[in-house]
Structure formats: C-alpha cells, structure tokens
Amino acid sequence: MRVTFTVNGRVHEADDVWEGESLLYVLRERLGLPGSKNACEQGECGSCTVRLDDVPVCACLVAAGQAEGREVVTVEGLAERSGAPGGRLSPVQQAFVDAGAVQCGFCTPGLLVATDELLERHPDPSDADIREALSGNLCRCTGYEKILDAVRLAAARGGETARDGEAARP
Amino acid sequence: MSDVTRTPTGLTQHSGTQGGIGASTLRPDGTLKVTGEFAYASDLWHEDMLWGFTLRSPHAHARIRSVDVSAALATGGVHAVMTHDDLPAATRYGLEIQDTPVLADGVVRHHGEPVALVAADHPETARRAAAKIVVDYEQLPVVTDERTATADGAPVLHPDRTDPHAAHVPHPNVVHRQPVVRGDVAAARARADVIVTGEYEVGMQDQAFLGPESGLAVPAEDGGVDLYIATQWLHADLRQIAPVLGLPEDKVRMTLSGVGGAFGGREDLSMQAHACLLALRTRRPVKIVYNRFESFFGHVHRHPAKLRYEHGATRDGKLLFMACRIVLDGGAYASSSPAVVGNAASLSAGPYVVDNVDVEALALYTNNPPCGAMRGFGAVQACFAYEAQMDKLAAALGLHPVEFRRRNAMAQGSVMPTGQVVDSPAPVAELLRRVQALPLPPQRQWESAGGATDVRALPGGLSNTTHGEGVVRGVGYAVGIKNVGFSEGFDDYSTARIRLEAVAGEPVATVHTAMAEVGQGGVTVHAQIARTELGVARVTIAPADTRVGSAGSTSASRQTYVTGGAVKHACEAVRERVLELGRARFGTYHPAWASAELLLEDGKVVTDGGEVLAALADVLGEESIEVEREWRHRPTEPFDLRTGQGSGHVQYSFAAHRAVVEVDTELGLVKVVELACAQDVGKALNPLSVTGQIQGGTLQGLGLAVMEEIVVDPVTARVRNPSFTDYLIPTILDTPTLPVDVLELADGHAPYGLRGVGEAPTLSSTPAVVAAVRQATGLALQRVPLRPEHLTGT
Amino acid sequence: MDFLRPASWAEALAAKAEHPSAVPLAGGTDVMVEINFDHRRPEYLLDLQRIGELHTWDADGPDVRLGAAVPYTRIIDHLADELPGLALAARTVGSPQIRNRGSVGGNLGAASPAGDSHPALLAAGAEVEAESVRGTRLIPVEEFYTGVKRNALAPDELIRAVRIRKATGPQQFSKVGTRNAMVIAVCAFGIALHPGSRTVRTGIGSAAPTPVRARAAEEFLAAALDDGRLWDTRGPLGPAVAGEFAELASGACNPIDDVRGSAAYRRRAVGVMARRTLGWVWGAYRGNEGRGAACA
C-alpha cells in the first residue's frame, strides 16, 4: 500500500508498504530517517519515540497505515522545530551533549523526543516528574544520572532564555 | 563501498589544547548522536541490499534428521537459503575453542541455535520463507547443571575434544577447571575461632545492550567481502570469519559501525559470518538485524553460578582461611568460559588478605544458552558470594561490616591467593571509609511537607502498593576487586596509527585504531591523549577498521589502558619525528633545538622553559608524519593448572558501594534509595566519562540484585523470557541517586597512572544492595536476583 | 495482509461483518507487538484510529460512557474525579508513550488477565458496549472475560465504548510488579466503595485465568459494615475485619506459577493489597477526603 504523511514538516510518500510494517520501519528503511531507533520493537524501551500529531508514542507500535495523513516529528526534526539557527542543536540536544548524557547513544533519540515534550508541558519539572516522564525510555549505559543532569540543564537554560526573552521585550 | 549509506565517517573535534587528558572533554560523536545522524550498524542501507534471517532451533538438544529447504527456496523474493551443507569452508568458530557451529551440523545443543539462513528482498519475505523450512528434529535428553552434566551416562556434548583444557578436566562436560591452593587450609581451620559457610547462586544476566546485533556485508569484485559491523573486537571477528568464508584475511575487510552498547555481549560472533556467507552466495549486499527476541538468543550471557564458600577468622577479626567451590554454567559452547573460570578462581577471595586458600572453579558444558563475557567477567559472581560471607563473619564476631572488612583489606604489597604481589595502590579500606562517611539520605522521603504521599519514592513506585506500610530501611556495604586487561599470559596489545600534518596552516592529528567504540568514550580519550602528546587542538578520529592493526577487545576495562597506551606511544614517536624535522629545518637558527628538552604545546614547539621555537605548522610544512605502533602492557603468566599460582593479572581495580534500600517486607518489593560508589581510577583521563562509567556499571549491578534474570526452564532448557517485557532492566524510576567519589592514586606501570574503570563498579553494587536488603529484612538471601518470593517466603 | 481503514463507525461495523477475522487496531500496543515478533499474521487489520467518536467520552449521566479508544493519558488527565480507580490503574500502564496510545477498549479486546484496567472496571462496575451490524448489546464486565485472552465478543462485534459507574465513594488500585515502572502486573487489586448502595466491589488481576471479583470478600465486608453501622458512623474498621477481607480476597485467586511470579506469592500479594487498599479507601471515606484520588 501507499502511505503519505508529514515528517518534520515535509510530506513523504512511501510505496509498496507491507501492511504489517510499523511507522518505525517506514521511517528507517523507506524514508531514510534512521534516527529513531529499533531497540525492542515491543514498546518497552522508548528508543523509537516520535511525536505523532504532537503526542509522544513508540513508532514501533504504530502501524504504517495509521500514520496516513498525520504529522510526525522525529529526532531529526528537533533542532529545526526548536527554532535553533541552521546547523545548531536544539537546547535539549545541546544539554544532552554537555551533561555527558550520551554514551552509546542508542537510547538518546527517544529520550530527546520525550524530554522535549516534557519541557514543553512542564518547563521546570521536579526530579520525580522527570523520572516519571522518562520512565518509558530505557538506557543501559549511563545509570540515568547524567540524563537527569541534562534535563535539569535544559530546563535551567530554557528558563534563562525565557527570562532573557521577557527582559528583551520593551 | 560508496553506495553503502550511513557508514561511519571520521570524527573531527576542535576543542582547544585544554581538551587534553584530565579534562571533561565532550564526546566527538555527541552531536551526531543527538541529531540522529550517527550511523549504527542497524541503520546501514544499500540500494541493492537483501535481508538475512536466521532460523533457530526450538529445542535445547536434538538430532537433526533432515532439513528440507525446497519450499523456502521456491518462495518469491527469496535469493538464498543456506544450511550446514552449504558452508564453503570451516564449519566451526570460537573465541578460544572452535566448538561453535556456523550452522547446526546434525545436532543442536541449545535453544535458539542457528540452523538455516535465508536472504530475501524484505524481512517479512525472509521470515515467511524461513517458516517453510522443514526441520525434522529428534529430541535428545538435556543436561542443565553439574549433576546432570557429570552423571554416569550423561550425554557428552562435545565428544573428541582437542582443546587445550580437555586433558586436565575431570569430565568432558567440564570446559575448564582452575584450582588455587595456597597455605594450609586444614591447619588454619583448626585454629579458627569462627567459621562461616554459605551457598550462593547468581542467575543468568543479560547484557541487554540497546542496539541489536546487526551488520551489512557487501560482496566485493575481488571475491572478498566488506563487512560493516557492530562488534567489540574487529580483528578477533576477522580471525574467526575468514576461515568460515574460506578467504584470506585481507579479502575480508571490516569496518566498525555505530555500536549501541556491548558490555561483553559482542565479544563472540553473532550474525557476522552469516551475513558474509549470504552476501557471497547471492552476490548482493545482505543486512541482518536481530529483533529483541532474537537478540536474547544471538549473544552469550553472564554465567549463572553456584558458589559454596567457607571462611574462618580469629576472634579479633582476622581472616585465616577461605575455601570455595565455584561452578559456572557455560552452556552449550565454550565462548570465553576458560578465561571466566580463571577470573573467578583468582579473584575468589576478594580484596582481602587471606593466607590460606583452597579454591576450585570450573565451567560446565550444558544445554543451557551459551555464556561468556559480561562486564565483571567471573568476578561478579564471586563478589556476590564473598561479600555475603564478610557480612556473616562480621555478624558472628559482633563487628560492623565495614570494620571487619577494614581489618582484612588488602593494600599495596599484599599477596593474592595466586601468589601475585599487588604492586600498585590498593586503597580498599579507604574506599570503604569514603562511602561510609557519606551522610545518609533522609528518612521517609516519600512524605511531602503537606503529608501527601509520593508513591514514586516508595517500593512499587507508580504501582501504588504501599503508602509506607511494611516499609523498612536497610544499609549495606560491599567492595570488590577486578583485573584489568587480558590475563594469564595472553599477548594483550593494541595498535595505533597517528598522522600529523598541517591543514590550512593548522596542525591536525589523525588517530587511526581498530578500537571498537561501543559507547565507553574511547574516541574522546584518544583525542585527548593526542592533544596532550602533540599539543594540537584539532584531532580527527578515523573510523575503526581492519586496515590498521588490532586494538584488542573493548572489554576487560582495557581500552583506555592499552589502546590509549598505544596512541600515547605512537604520538611519542610522532613527536620525535617532528623534533627531528624541526632540528633539520630550524636547528641552525636556535641552539635550544639541540640542547633543551622540547615539548609540543598549543601548536608550537617550545622549550621546557616555555620559549617558543617554531609553529608546528611551519615545522611540518608540506610533510605529513605518520607512525604506526603496537603497544603491550607488561606480560602476565598463566596460572599453574594444579595450584593456580602465577602473576596472572596485569592490574587490579577496586570499587566500594554503600546501598540504602527500603523494602516493603510484606510484598517483597525493594526500592533502592541511594547507591553510592567510591572507586580508585588511578588517573581520570576524562572525569565526566569516568563518572558515567561508574554510574552505568553500578546500575547494571543493581539490576542483577533486584530484577535481571534470563529464566531457563530446568526441564526443557528453553528460555522463558526472551523479551524486554519479561527480562526487566532498571528504568529511571528504579534508579536511585548515584553519588560517586573518585580517587586518583597513580599506578606507575600504566600510562598516565590510569586504572581501568568500566567493570569494578558492576561488582560491588549487587552485594551492597543485597546486604542492605538483608539488614532490612533479617533474611539470609543467598540468590540474586532477589525475587519478591524470596523476601516473602512464597 | 490487508489494511482496512474505515472512515466511520458504520463502515467499521460493515468491515468487521464482512471480515470477521479482521483484527481491530487502535493504539497498537498489543497487536503491533504480536506482528513485530511474528506471533500473529492476521488476514486483515482493521484500523479504528480514524473514527472520532471512539476517542471521546460522555460523563453527563450516572455512568461515564468511555469511547473504546480513549488513551489512558486522557483518563488520567480528565477523568480522575469520575473514575478514580481507573485513573490510578491507567497511571500504572506501561510507559507515558504507551499510555498515549493504549486504551480500555484495547485492554478489553486483548482480555489478558494481566490487563491493568480490568480490576478497576470490575470494582467500579461497568458494561461493555459491543456492537455489530446486527445491533448493540451491553455486556456486564464480569461476563465479558471468558478465558485467558478470550472475551464474549462475537466475531462480527466491535467494542464501541465502556459504560463505567461514576464513583460515589473512594476507590483504589494497586498492582505488584518487579519494576517501578513499565511492568506487567504480577497481580493487581482494585476496590471501590459504593456508599449509595452500601456495597463494596473489587477486582483482581493476573491471579486467575480471567480478571475476577472477590465476591466472598465483598459480601463479607458489606455485611461487616452493615452490622457495625459503619457506613453511618464512619467508625474505624477493626484489624480483624481487614484481615478477613484480605484472606477472602486471597481465596478468590486461582493463580498459576509463571515467569513473572509464583502462585503462592500472587495469593499472598493480593491479600496484602486488599488489606492496604481497604485501609486507604475506608480512611478516605471516614475522613471524607474526596474519593481517595491518586496520591502524589
């Protein structure tokens, strides 16, 4: 079957999609967007987290046909979506690099999408809120401590940016 | 091959010369990893590629009467089906012992053993075709433990063994056996005031790296093959793959793809040879990616172990003797079992001085899943047992667990049970002191000021099982000892090729090694070493491949030490050449070129007094200096087969943990509240990475303590939980705060004084958590992972 | 495999009538796992995502009529007052990503004894609105579960909605898993006080071939509350009453040993959860603290 949907603001079309394929497979193998990762394909690790019509979901559990006509945001679209100048990272991406929250990096794309959504909803989350929001994203390398650091850092920088923004207003 | 997309590219980082050793330089691959551009092995893609799929045995032990692939071959979209009969050359491989069939040869010896391969144009086509392969199995009796494996008439899993251990093992179903005998245990036992014994068990843990096994094999015009792969050791793979393909090693060209974690689980081959075989058969690129279910069958696991320990001490708390027997289940094939046995035996006494020991460690062949390397490698199992024993002894003597350990802690100059003298710092007592001195986390953190309950801070978490009822706190301590590097006389070396050139007036160093970056941050550290040694700001890390010599395995906590050592060594040679070039070009202009100690700093040649002699770019001009060097750590000795004596290890590393837990004693649920670690790292080349390694290792130990186990049916030897639904690893909500205290006591034998970091924190974390649960519950708890059933007597 | 994409409920019913083997697909959190792992190859997938009314609810009457595909996240965010037990259960489902997709309709369709919503539905009281081209019927949730992963739906029926009694008293939900998040229930327990009818209802998950009510425990407790006039006095429950209630809840289990837990443990844990959750709901009733809504 043919599936047409928007990814990171651009319309994509995939042909000859097998009906049992997941959105994750289509993104990775048909649209050349392998940033969303295939760690478990059973919704237990969060590595394939994308936004589907704004909502964070496991792309491995969305049938390709269910994406028809909908809007998907993947890790590849985070920088642009954040309004970061061309070639620069989004604040959340930058915070993950700076805090040492990336080791093997396989969980990172899913964590970034989940964190991005958390901070959108909740710009200044408590540690318990961060843990609950990221409880669907497994990481095997870091022990999560530096991921918490990264989220706190991104939140703090977001706060600064917001304050700067307010101050700059006449 | 240019049409392969998403192959690795060089990582260039310009981070100023302050990005040398000791700085928390950021990862050169960090940006690629957060944008999704970093190319992992499962991301590889080729316009023309086929998908490989593996048919695996549903039985743990069976004779294959026949295999009929005709229906699979006739399926549209299928390009090849291969069985054992189609193999072109060697039919077995193995890290040390070549006992593992590439595809089952008439017998399967474990659940999930590969039987046939399919290549097709879509993964679903390959799966459907594989389902049409008819295999006629005759089930055979299984052996699953020491009793069944060594019983009279037990099926011998590998008859006609010719491996080096075959001659000294007590039974052909024993892979390797290593005693360690020192002093006089019988006499010491007679003198002991207190004797404690215990039987312990460690379940089968999985590495559970997140990036599944995967790779892409591309047939080449010269009849060879290019393999892009996630592995821990390119050259060890190459050594095993080439004979299977019947190709000389130079026709099998391997390039490391992005690796999504490893932890030992990528030391053995998984799909490497399979993808190459299919590619050579079909003349098409072939990609194989395991899903999570298959991944549980695609790699070896941590050896489950049964351990029996006996310790004796004097009334004033001095250890007199230790006797133990450690039985490791190696499963169907040898993998790295012999080395795991060596580790378990030689490290079985822990970081304690005990003059009289009698140790026997062995690994079995059974029909359980094959077991091999996982972070901690034989030392994890022993640590769980000896630390439980230390607590028992402390209790028997009325001493605090830390105080008892302190009285027996080894130090620099102590003698191991193997007779090896520990000739670098061994701050065991100090590490314990540090974790003990930390303030304890506040009580009842689940209660907010308003009296509301935050279940996220309680055992059971969001599942809302308690609002404080039945919850008891406990505190536990543990410390462990791990060897660094390959041991027992292994020629453990690494190769580094360094190029230095001026690009647009700026000196640039390129570091080329075959080191497998699996997430540990070796690429960061290598660039730091090059900056420090060559005084350049800009360093490129070339993709790891087999066009350069071996860098050894990314395991045994050895890469910073050994490949880092090779990078340092090669950089020193480059520096000599730079200075020679400088002397030739500019020596006549300044006497210091000849007389002074010269350094490379900030892109310049300077004297040790700080005087600038020339810019590095000017010295280099159009020249490019390239040097390749091998570097090895000092040699080790094999352990004597009868006594276990020998200086078998090159370096030891130590970590200590304090665990604070809260246990719901009625439901048997555990919440680890804090898990603090102190570790000596010799020299932290990158403090941020060091902390990350310690926290990550600590959490894997926590997982083993309270949830992680591959459950194998004791009757059928089939794996019962091969999924992330039922093999649980800790989430961020299971993870406590992980304070880390890093000591830096230099080891004079190691580059920069460093000490391997990665594994030690995985050892003591498990027993510390269990000790804390014991303190909270008063239960003996002899097995990990703890299950609610153990804590509730159900 | 065919992918059917009905644009309306009527089209969905027609498609299901024409292809009774079609597997309904909403959030995909169960079905897609089975497809990804090659455990299932249905002839037809029937995508219900496009049918708007399945994602809405109506809370005007004494029941909440909850569309079959309303994701758990929406229940947590919007229905915690009306359906506190279900909201608590919803918060234990999988992960945030799963809660954004999974739904009560899906839980009922899969009819796994470990489904997290079942104990809450049993405790609150609910009816499943099953519909086909032949018409609509309401199936009391107790009668909906017919066996391990089997339910009372006819091959041509789809779940349109679930009608769940709105809470008139405190409700609680508790689940045992060996991890603090993202875990399938080893066993679970739901309880709801219904002061209007002076009844207590319960639900047990993952401790019998189907989700079940602990009827003997419910009846015992209702009698004990009546005898002591406790509904009126709001006096304390004695430990003996709580203990007997727990014992009877335990006795309602018919569990198995499996990789997630032993039968003996499940029996014990259900008893502990029954005692604790009874303590929480009765405490809330006595203190009149709303309806025992979520902690934290």
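**Chain contacts, helix packing and domains in a predicted model**

Colleague: How many residues of chain C and of chain B does the contact between them take?

Modeller: In this predicted model, two residues are in contact if their C-beta atoms, placed from the backbone, lie within 7 Å. On that basis the contact takes, from chain B, 33 residues, and from chain C, 32 residues.

Colleague: Which element gives the most to the side of chain C that touches chain B?

Modeller: At least two residues each are supplied to this side by α4 (84–91), β11 (171–176) and α12 (263–287) of chain C. With 8 residues, the element that gives the most is α12(C).

Colleague: And how do the residues of that side of chain C divide by class?

Modeller: The side of chain C that touches chain B includes residues from α12(C), which gives 8. Its residues divide into 7 charged, 8 polar and 17 nonpolar.

Colleague: Turning to chain A, which element gives the most to the side that touches chain B?

Modeller: Here 45 residues of chain A are in contact with 48 residues of chain B, and by class the chain A side has 22 nonpolar, 14 polar and 9 charged residues. Two or more residues come from each of α3 (91–99), α4 (108–121), α5 (127–133) and α6 (145–168) of chain A. The one that gives the most, with 4 residues, is α3(A).

Colleague: Within chain C, is α9(C) roughly parallel or roughly antiparallel to α11(C)?

Modeller: Helix α9 (residues 215–227) and helix α11 (residues 239–251) of chain C pack with their axes 8 Å apart, at an angle of about 160 degrees. Angles over 145 degrees count as roughly antiparallel, and therefore α9(C) is, relative to α11(C), roughly antiparallel.

Colleague: Is the crossing of these two helices left-handed or right-handed, and which residues of α9(C) make the contact?

Modeller: The crossing of α9(C) and α11(C) is right-handed, and by class their contact has 9 nonpolar, 1 polar and 1 charged residues. From α11(C) come C:V241, C:E244, C:F245, C:L248, C:A249 and C:G251, and from α9(C) come C:A216, C:A217, C:F220, C:L221 and C:A224.

Colleague: In chain B, what distance separates the centres of domain 1 and domain 3?

Modeller: Chain B is divided into domain 1 (45–140 + 212–259 + 266–298), domain 2 (423–483 + 649–792) and domain 3 (493–632). Taken over C-alpha atoms, the centres of domain 1 and domain 3 of chain B are separated by 40 Å.

Terms used:
Residues are numbered from 1 along each chain as its sequence is written. Chains are lettered from A and ligands numbered from 1 in the order in which they are written. This is a predicted model: local features need pLDDT of at least 70, side-chain atom pairs count only at pLDDT 80 or more; totals for chains, interfaces and linings use all residues. Ala, Val, Leu, Ile, Met, Phe, Trp, Tyr, Cys and Pro count as nonpolar, Asp, Glu, Lys and Arg as charged, and the others, Gly among them, as polar. Axes are lines fitted to C-alpha atoms, for helices over the stretch in contact, and angles run from 0 to 180 degrees between N-to-C directions. Angles under 35 degrees count as roughly parallel, over 145 as roughly antiparallel, 65 to 115 as roughly perpendicular and the rest as oblique. A crossing is left-handed if the near helix is turned anticlockwise from the far one by less than a right angle, and right-handed if clockwise. Domain bounds come from an automatic or database domain assignment.
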